[in-house]
Amino acid sequence: MSDASPATPSAENGNLLKLGIPAGSLQEATSDLFRKAGYNLQITSRSYFPRIDDGEIECLLIRAQEMARYVGEGILDAGITGHDWIEETGADVVELTELVFSKASRKPVRWVLCVPESSPVQSVKDLEGKRIATEAVGLTKRYLDKHGVSAKVEFSWGATEVKPPRLADAIVEVTETGSSLRANDLRIVDEVLQSTTRLIAHPAAAADPWKRRKLDDLVLMLNGVLAAEGKVQLMMNVAKADLDAVLGVLPSLESPTISSLADADRVDVLSVVAERDVRRVMPELKAAGARWIVESPISKIIE
């Protein structure tokens, strides 16, 4: 009995959300995001069924490239994948929220059209009748159609960057930093698509009252973690005579919270600020009259 899925009791009542967790490059970032959101998501190398400390959620580990298709077919109620793979598959899904995180940065990933540095190609028009290698065949074909270009698009099973010029005239490849492209002497000709991570759902799951409420709660907590990234809380003791000067220094998401103290001449000031500003703001706050300045981490911000 100890090995039974934690979701089994709830499944008998029909209250079970089948959730796809992306395997591969997004796996670690997704696990970390769920942990910070309060979900104990355990992914092991020997199982495709991650455990989660919520008996109403059943998880399945799926490649991000396949996630939209399985959600669109209703095999999964919801899943996490990139906008690029939604576009690639053309799956009928509902995008519930954008989750701006990735394996290397918080910037969108880019699908780009690339050629060797020595190639005479300067625009997509120059690829008429040429050969293009990519993992995103559908995305690339639609891009070429938009530009009125006819070229042979071949699926690449990996190591796409090394295929030009011998195996392909150009590639369409995903990049975050561009370092791999530069290392292979490739030049970006055009941007095909920008993509961020999305939480998607099957239309029937999104319309189901119980599943939608479960998904909305998940969206709230995950976005709360992302909203708190890079921010801290500052609390300080300020004489009322110095309050205007302190508030003039203090950046804040909203108006700072000001609380009365037993000493009628002083107040507590509480504010949320960007962590990158702290080293500049703290000395300025002290110079403006703030005392007992305390910095605290923030795990979530729910608007």
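1. Let's start in the middle of things. The largest nonpolar core has 29 residues, and L19, F34 and L199 are the ones that touch the most other members. Please keep in mind as you look around that this is a predicted model.

2. Which elements build this core? At least two residues each come from β1 (17–23), α2 (27–36), β4 (57–63), β5 (78–82), β6 (94–99), β12 (197–201) and α8. Helix α8 gives the largest share, with 7 residues. As background, nonpolar side chains in soluble globular proteins tend to be buried together.

3. Leaving aside residues up to four places away in sequence, F34 touches L19, I21, Y39, L41, I52, I80, L218 and L222. There is also a second, separate core: it has 21 residues, among them A64, V124, I132 and L139.

4. Now follow helix α8, which spans residues 209–228 and contains K214. Is K214 buried or exposed? K214 counts as buried because its relative accessibility is 15%, and the cut-off for buried is under 20%. Apart from residues up to four places away in sequence, the contacts of K214 are L17, D54, E56 and I57.

5. Next, have a look at a sheet of 5 strands. The sheet is open, its strand order is β9-β8-β10-β7-β11, and the pairing is mixed. At the edges sit β9 (152–155) and β11 (186–195), each of which pairs on one side only. From one strand to the next, the twist averages 25 degrees.

6. Strand β8 (residues 131–134) runs parallel to β9, and 4 bridges join the two. One handy landmark is T134, whose bridge partner in β9 is F155.

7. Helix α5 (residues 137–146) touches β7 (109–116), β8, β9, β10 (170–175) and β11. How is helix α5 directed relative to β9? The angle between the direction of α5 and that of β9 is about 165 degrees.

Technical notes: Residues numbered from 1 in each chain as written. Predicted model: local features only at pLDDT ≥ 70, side-chain atom pairs only at ≥ 80, totals over all residues. Heavy atoms only, no water. Buried < 20%, exposed > 50% of the residue type's maximum accessible area, 1.4 Å probe, protein only. Contact = heavy atoms within 4.5 Å. Pairing = 2+ DSSP bridges. Axes fitted to C-alpha atoms, helices over the stretch in contact; angles between N-to-C directions. Core = buried A, V, L, I, M, F, W, Y, C linked by side-chain atoms within 4.5 Å.
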